[in-house]
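Visitor: I would like to learn how to read a structure feature by feature. Please walk me through one.

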Amino acid sequence: QVQLVESGGGLVQAGGSLRVSCEVSGSIWSINAMAWHRQATGKERELVAAIDSGDSTNYVDSVKGRFTISWGNAKNTVYLQMNSLKPEDTAVYYCTANVLSGSLKNLDVWGQGTLVSVSP
């Protein structure tokens, strides 16, 4: 079974920084791409940042220049470095991964979510 384990959320003041991480565990052949989504209270879930196996990245316009998505050394972990945080960044952040499982199935896996709260 493939699982994503997220960590690093918390409370920070506006202008501060946080880093959230997400590790893939379980039987996999490869990770094609990983991403961070977020959902604020009363709003739809949105894609924040994504990275693929070739290290290509993309970001939602509202976080460009402030957030950076990157792979860990083993490429089974992805980080989202969030700088210059704003109250409107407050949301539950979800990690996702598109993987080729050990049984050669293409899977989209979601993490449990981690709360990021930014105070004014």
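Guide: What follows is a short tour of this model, topic by topic.

Visitor: What should I know about the model and its numbering?

Guide: This is a predicted model, in which local features need pLDDT of at least 70 and side-chain atom pairs count only at pLDDT 80 or more, while totals for chains, interfaces and linings use all residues. Residues are numbered from 1 along each chain as its sequence is written, and side-chain values use heavy atoms, with hydrogens and water left out.

Visitor: Let us start with covalent links. How many disulfides does a search of the whole structure find?

Guide: A disulfide is a covalent bond between the sulfur atoms of two cysteines. Here the cut-off is a pair of cysteine sulfur atoms within 2.5 Å. The search of the whole structure finds one. C22 and C95 form it, with their sulfur atoms 2.1 Å apart.

Visitor: What is the handedness of the link of C22 and C95?

Guide: The link is left-handed, with -85° about the S-S bond. C22 lies in strand β3 (residues 18–25) and C95 in strand β9 (residues 91–101), so the pair ties together parts that are 73 residues apart in sequence. Strands are DSSP runs of E, at least two residues long, numbered from the N terminus.

Visitor: Is C22 buried or exposed?

Guide: Buried means under 20% relative accessible area, exposed over 50%, and partly exposed in between, with a 1.4 Å probe and protein chains only. C22 is buried, at 0% relative accessible area. C95 also counts as buried, at 0%.

Visitor: Now the sheet. In what order do the four strands of the open sheet lie?

Guide: Two strands pair if DSSP finds at least two bridges between them. The order is β1-β3-β8-β7, and the pairing is antiparallel. The edge strands, β1 (3–7) and β7 (67–71), each pair on one side only. The twist averages 15° from one strand to the next. For such angles, axes are lines fitted to C-alpha atoms, and angles run from 0 to 180 degrees between N-to-C directions.

Visitor: How many bridges join β1 to β3?

Guide: Five bridges join them, and the two strands run antiparallel. Within that pairing, E6 has C22 in β3 as its bridge partner. β3 also pairs with strand β8 (residues 77–82), in the antiparallel sense, over six bridges. There, L18 has M82 in β8 as its bridge partner.

Visitor: Where does L4 sit, and which residues does L4 contact?

Guide: L4 is in strand β1. L4 is buried, with a relative accessible area of 7%. Contact means heavy atoms within 4.5 Å. Leaving aside neighbours within four places in sequence, L4 is in contact with residues including C22, M34, C95 and W110.

Visitor: Which residues touch the most other members of the largest nonpolar core?

Guide: A nonpolar core is a set of buried Ala, Val, Leu, Ile, Met, Phe, Trp, Tyr and Cys residues joined through side-chain atoms within 4.5 Å. Of the 29 residues in the largest one, M34, W36, L80, M82 and Y93 touch the most other members. The elements giving two or more residues are β3, β4 (28–39), β5, β7, β8, β9 and β11 (114–119). The largest share, five residues, comes from β9. Take M34: beyond neighbours within four places in sequence, its contacts include L4, C22, I51, W71 and C95.

Visitor: How do I read backbone angles? What is phi of D55?

Guide: Most residues other than glycine have a negative phi. D55 has a phi near 75°, a positive value in a residue other than glycine. D55 lies in the loop between β5 (46–52) and β6 (57–59). D55 is partly exposed, with 44% relative accessible area. S84 also has a positive phi, near 50°. S84 is in the loop between β8 and β9. S84 is partly exposed, at 42%.

Visitor: Last stop, D89. With which side chain does the side chain of D89 make a polar contact?

Guide: A polar contact is a pair of N or O atoms within 3.5 Å; within protein, one must be able to donate a hydrogen and the other to accept it, and residues adjacent in sequence count only if both atoms are side-chain atoms. The side chain of D89 makes one with the side chain of R66, at 2.8 Å. D89 is in the loop between β8 and β9. D89 counts as buried, at 1% relative accessibility. Beyond neighbours within four places in sequence, D89 is in contact with R38, R66, F67, S84, V116 and V118.
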